[in-house]
Amino acid sequence: MIEIRKIEGRRQLNRFVQFAIDLYKGNENYVPPIISMEVDTLDPAKNPVYQFCESIFFLAFCDGKPVGRVAGFINHRSNEKLGEKIVRFCWIDFVDDHKVSSALLDSIRSWGKQRGMDTMIGPMGPSDIDNEGCLVEGFDFLPTSLNSYNASYYKSHFESYGMITDATWYEFLIEVPERIPEKFVKVAAIVKERYGLKVFFEPNAKRAKKEWGQKLFELLNVCYSQIYGFTEMTPKQIDYYVNLYLPQVPMDLIRFVTDCHNDLIAFGIMIPSLSKAQQKAKGHLFPFGWYHLLSAMRKNSGNDTVDMLLIGVRPDYQNKGVHSLIFTDMYPTLKAYGFRYMETNCELETNHKIQQIWKELNPLHHKTRMAYRISI
């Protein structure tokens with residue numbers, strides 16, 4: 001018999017996070033999160049996303065043993081913006097037993113119905129910065145820093161439950177070229193001169209955070225406003241993400257682009273892949289997890305992959321070659337670090353514009369993710 005228990009408090013959230021780590025023990029492609037950071041993300045007392053989101057967490061047990069987990073969210077700002085009544089589920093993991101997955105999904109479905117929702121979608125976190133989509137292709141690859149891993153059987157569980165595909169994302173692996181494609185160089189020079197643009201990085205982390213952190217995420221709000229599942233970040237969220245992410249990223253892997261008025265019109269952020277380092281850390285910063293993470297950040301550390309974390313271009317400058325300007329300026333830094341590969345994060349299958357940009361670099365479409373929908 002499957003028993004569903006509601007999870008509350010940081011101690012139980014630790015157990016919630018630990019379940020997936022235990023489930024995937026021995027899987028060479030699973031990357032355990034840093035438990036304390038993951039719990040902070042889920043804790044309403046820590047994460048400002050809960051200013052406008054409701055949440056609930058469940059663990060499933062069979063014969064006293066944990067066999068699954070799921071989190072539910074109601075993003076009221078998103079629902080109001082789109083005129084929808086949606087409950088989201090995410091952080092869902094389970095053993096290969098349809099009774100377990102159905103019980104977990106039923107628990108979120110019931111909770112959402114009690115609160116007046118009429119549709120359930122997922123996997124989808126409370127905000128666009130969180131995990132989204134179930135991995136359906138690419139099980140032999142490590143996830144990027146912003147994504148998660150799941151077993152191949154999840155897809156069949158969601159479909160057997162009666163869910164239909166609501167969104168599809170692609171991820172690409174790109175080999176860092178020996179030289180920049182001539183087209184990138186020409187386009188970068190033209191767009192820089194034509195629009196009087198300046199591309200640069202700020203070497204001082206404190207100054208970057210103070211002068212550009214807020215502007216970067218405000219621009220992200222503008223650039224991503226129409227993307228599936230995105231909700232504009234509040235000022236408190238922006239402060240949270242500035243303090244959370246900017247200190248982790250090497251400053252020379254961030255590019256800012258300003259116009260002739262010194263207004264920020266684009267940005268690009270890359271980060272050395274932390275996947276292998278997190279595997280070595282085994283969920284903990286101490287005693288040695290911090291060392292593995294810091295080592296992965298260093299130049300010529302043997303880390304051959306860089307994650308393309310975020311990129312944004314103000315709408316009035318899109319389709320004008322600004323991506324080429326960012327990549328061309330970033331290229332010498334990528335070579336200095338010794339990176340051989342760049343890996344994109346989730347890109348909607350319908351985002352043909354960005355896919356066309358990477359086409360010049362012969363990208364390998366190596367992973368696919370899907371989100372599902374069902375009426376309550």
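Buried means under 20% relative accessible area and exposed over 50%, with partly exposed in between (1.4 Å probe, protein chains only). The model shown is predicted, so local features need pLDDT of at least 70 and side-chain atom pairs count only at pLDDT 80 or more, while totals for chains, interfaces and linings use all residues. Residues are numbered from 1 along each chain as its sequence is written, and side-chain values use heavy atoms, with hydrogens and water left out.

**View 1. Gly289 in helix α10.** Gly289 belongs to helix α10, residues 289-297, where helices (H or I, at least four residues) and strands (E, at least two) are DSSP runs numbered from the N terminus. With a relative accessibility of 4%, Gly289 counts as buried. Contact means heavy atoms within 4.5 Å, and, not counting residues up to four places away in sequence, Gly289 touches Ala281 and His284. The C-alpha atoms of Gly289 and Ile34 are separated by 8.7 Å, although the two residues are 255 places apart along the chain.

View 2. Pro287 is in the loop between α9 (275-281) and α10, and a cis peptide bond with omega of about 10° joins Phe286 to Pro287. Most residues other than glycine have a negative phi, and most peptide bonds are trans. Phe288, also placed in the loop between α9 and α10, is exposed at a relative accessible area of 58%. Together with Phe286, Trp290, Tyr291 and Leu294, Phe288 forms a nonpolar patch on the surface with about 610 Å² of accessible area. Patches are made of residues with over 30% relative accessible area and no salt bridge, like charges being joined within 9 Å and nonpolar side chains (Val, Leu, Ile, Met, Phe, Trp, Tyr) within 5 Å; accessible areas come from the Shrake-Rupley method with a 1.4 Å probe, and for residues only the protein chains shown count as cover.

**View 3. The largest nonpolar core around Phe89.** A nonpolar core is a set of buried Ala, Val, Leu, Ile, Met, Phe, Trp, Tyr and Cys residues joined through side-chain atoms within 4.5 Å. The largest has 54 residues, and those with the most contacts inside it are Phe57, Phe89, Met120, Phe158 and Met163. Strand β2, residues 53-62, gives the most to this core, with seven residues. Leaving aside neighbours within four places in sequence, the contacts of Phe89 include Val70, Leu105, Met120, Pro123, Phe158 and Met163. Pro123 lies in the loop between β5 (119-122) and β6 (134-137), and a cis peptide bond with omega of about -5° joins Gly122 to Pro123.

**View 4. The salt bridge between Arg369 and Glu171.** A salt bridge is a side-chain nitrogen of Lys or Arg within 4 Å of a carboxyl oxygen of Asp or Glu, and the structure holds 17 of them. The side chains of Arg369 and Glu171 meet in one, at 2.6 Å from N to O. This pair links distant parts of the chain, with Arg369 in strand β14 (residues 364-375) and Glu171 in strand β7 (residues 164-175), 198 residues apart. Arg369 is buried at 1% relative accessibility, and Glu171 is buried at 0%.
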